[in-house]
Amino acid sequence: ILEEVEEETMYPLVLDAPLSNIDSIHRKNVMGCLPEVASQVIVFTREKKDLEDMSNETKAKVSKEYHIDKINEKYSQISKEKGDN
């Protein structure tokens with residue numbers, strides 16, 4: 001991906017469950033290069049294990065982390081994770 005991108009993008013890169021189908025070695029490689037591709041990376045995941053692995057691999061690069069709880073089909077509650085400013 002880094003070879004295809006000539007310069008850092010100025011818009012957010014949004015990924016929906018990018019870690020769910022890859023092993024821990026590739027997960028580390030993917031998460032390691034994402035900050036070089038875009039100025040802001042937003043990752044959505046449903047699996048707690050993916051979140052735990054991602055946090056372990058990218059802890060120094062994570063600025064904010066949020067938790068979204070589905071209340072019903074129309075509403076969700078968004079909260080900051082502990083430790084975020």
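1. Tyr66 is partly exposed, with a relative accessible area of 45%, where buried means under 20%, exposed over 50% and partly exposed in between, for a 1.4 Å probe and protein chains only. This is a predicted model, in which local features need pLDDT of at least 70 and side-chain atom pairs count only at pLDDT 80 or more, while totals for chains, interfaces and linings use all residues. Residues are numbered from 1 along each chain as its sequence is written, and side-chain values use heavy atoms, with hydrogens and water left out.

2. Tyr66 lies in strand 3, which spans residues 66–70; helices (H or I, at least four residues) and strands (E, at least two) are DSSP runs numbered from the N terminus. Leaving aside residues up to four places away in sequence, Tyr66 touches Ile78, Ser79, Lys80 and Glu81, a contact being heavy atoms within 4.5 Å. For Lys80, 14 residues apart from Tyr66 along the chain, the C-alpha separation from Tyr66 is 4.5 Å.

3. The protein has two helices and four strands, and from the N terminus on these elements run β-α-β-α-β-β. Strand 1 (residues 13–16) pairs with strand 2 (residues 41–44) in the parallel sense over four bridges, pairing being assigned if DSSP finds at least two bridges between two strands. Within this pair, Leu15 stands opposite Val43 of strand 2.

4. For the protein as a whole, 15% of the 85 residues count as buried. Of the contacts with a separation of 6 or more, 55% are between residues 24 or more positions apart.
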